[in-house]
Amino acid sequence: MERGQGWKIGLIVFLFLGSAWYLYPTVRLLVMSDAEKAQYQQTDPKGWVQLQKKAMKLGLDLKGGMRVVLEVDKSGLNPDEAKDAVERAKEILRNRVDQLGVAEPLIQKQGDDRIVVELPGISDVQRARELIGKTALLEFRLLESAEQTQLLLDRIDRVLEGIAGLDTTVTAADTAAGDEPADVIDELFSEEAETPADSVTDTALAAVEPPPDSPAAAGVSDLPSGIPTEKPLTTLLEPANSGPGWMVVTEEVPLVNLLLARAEVAPIIPPDVVFAWGTRPEFLGSLEMQHLYLVKKHTEMTGEHLIDARPSFDQFRKPIVNFELTREGGRIFARLTGANINKPLAIVLDGRVESAPNIESRIRDRGQITMGTGSTYEEGQDLAIVLRAGALPAPVNIVENNVVGPSLGHDSIRRGLMATLIGGLAVILIMLVYYQLSGLIANF
C-alpha cells in the first residue's frame with residue numbers, strides 16, 4: 001500500500017459502517033415476524049415508533065397504503081371564515097400526517113371544498129382514517145353532580161314507564177319522595193330554585209301522565225322491543241367501576257340513544273346539560289361497555305389555549321397526554337380547578353368524553369389528560385398529534401376512501417432483489433474469470 005493512502009481506506013471503512021448503521025433499522029424491521037412486531041409494540045411502544053421512523057419507507061406504488069378524499073363542510077361558517085377554510089384544513093392535515101411519520105404523503109386541494117390525502121405504507125387504515133378525519137375540538141367541561149344526575153334518571157324512568165302504560169298514577173307522596181314532574185324539573189335543577197318538591201300541585205303532576213286515548217293509557221307499551229317496561233333507562237345502566245358516569249353494554253347503546261331521543265324525554269333534560277358518550281369502550285370480562293356521562297353544556301376552556309401536548313405514561317404505566325397552556329390559559333385553568341377541587345372535570349374531544357378525572361388540586365399552566373381504560377400508547381400519541389396540530393376549522397366528511405393493496409409492490413420488490421442478486425453474482429464471476437487474482441482482490 002502506497003504511503004498516504006491510509007486515509008482513503010479509513011474513509012471507506014467509515015462510510016461502510018455509516019451505511020450499515022443507517023440501514024440497520026430497515027433490515028431489522030424487514031426480518032421481524034408479525035408476532036415479534038406485535039410483542040415489540042406492546043413491550044416498548046416508544047422504541048417501536050422510533051424504529052418505524054428510522055426505517056426506510058416505500059412509496060404508495062410499492063408498499064400500498066390509502067387514498068382518502070375529504071370534503072370540508074363550510075355550512076356552519078360565515079363568509080369570511082369559509083374563504084380559507086379548505087387551505088387551513090389542508091395545512092392542519094399536513095401537520096398531522098407529518099407527525100404520523102408517513103413517507104412522501106400527498107396532500108392537495110381538489111376543487112373548491114375537497115382535499116385529497118394519499119398515505120403510502122399505512123398498515124393501520126382505521127387509525128389513519130380517524131386521525132385525519134377528527135375535528136379535534138378540545139373542551140374542558142364540568143360534570144353534573146351525582147345527586148342531580150340520579151334525580152334526572154329517575155324522572156326519565158318515570159316518564160318512560162308512563163309510555164309503557166305502567167305506574168302512570170302520580171301522587172303527592174311520590175312527588176315528596178323526589179319524583180318531580182316534567183314541567184318543573186328544569187327549575188329544580190336550577191341553583192336559584194327555592195320551591196320544595198312537595199309543593200307541586202296535582203295539575204303540574206298531571207303533565208307527565210299520558211293522554212286518555214294514548215296506547216300507554218290503555219296499558220299497551222309504546223316502547224321498542226328489547227327495552228324493559230320497569231325502570232326502562234336505569235335498567236340498561238351500571239355505575240362505572242372507577243370515576244363518575246355510567247356503563248352501558250355496547251349492544252344496548254342504540255336502545256339508550258333511542259330512549260334519550262324520545263319526544264317525551266327531551267323536555268325533561270335541563271337545557272344546561274347533555275348526555276355524552278366516552279371515546280372508547282371498556283371491557284368487563286367478556287362484556288364490551290361504553291361510558292355515559294351527564295356533562296354541563298358550558299365550556300370552561302377550549303384547546304385554543306394549548307401550546308404543546310406529548311404522550312407519556314403515568315406511574316401505573318397507563319398512557320397519558322401531558323399538555324402545556326398559554327399564560328391566559330393557565331389563568332383560566334387555575335380559576336377552574338381551584339374552584340372545583342374534588343369534582344370531576346370532563347375532557348371532551350369532538351363531543352365525546354376522553355376522560356373525567358377528579359380535580360385534586362389547583363392546576364395552572366401544565367396538566368395531563370388521563371386516557372380511558374384500555375387505551376394504548378398509540379392512541380395517546382394520536383391525541384397529542386391532533387391537539388398539537390390544532391382543530392380543523394370545519395368538520396370534514398370522508399367522501400372517498402380507497403385502500404391500495406401492496407401485492408404489486410411486493411412483486412416489484414421481489415423481482416428487484418432477484419435482479420440485484422443475479423447481477424451482482426454475474427459481476428463477481430466475470431471479474432474472477434477475467435482478472436483472476438486481481439479480480440478476486442477487487443471482488444473482496
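The model is predicted, with local features needing pLDDT of at least 70 and side-chain atom pairs counting only at pLDDT 80 or more, while totals for chains, interfaces and linings use all residues. Residues are numbered from 1 along each chain as its sequence is written, and side-chain values use heavy atoms, leaving out hydrogens and water.

Two packed helices are described by the angle between their axes and the distance between the axes. Helices α2 (residues 34-43) and α3 (residues 45-54) have axes 5 Å apart, at an angle of about 125°. Helices (H or I, at least four residues) and strands (E, at least two) are DSSP runs, numbered from the N terminus. Axes are lines fitted to C-alpha atoms, for helices over the stretch in contact, and angles run from 0 to 180 degrees between N-to-C directions. Contact means heavy atoms within 4.5 Å. On the α2 side the contact includes Lys37 and Tyr40, and on the α3 side Trp48 and Leu51.

Strands of a sheet pair through backbone hydrogen bonds, either parallel or antiparallel. Here 4 strands, in the order β2-β3-β1-β16, form an open sheet with antiparallel pairing. Two strands pair if DSSP finds at least two bridges between them. β2 (106-110) and β16 (396-404) are at the edges with a single partner strand each, so one side of each has no neighbour in the sheet. The twist averages 15° from one strand to the next. β2 pairs with β3 (residues 114-120) over 5 bridges, and the bridge partner of Gln110 is Arg114 in β3.
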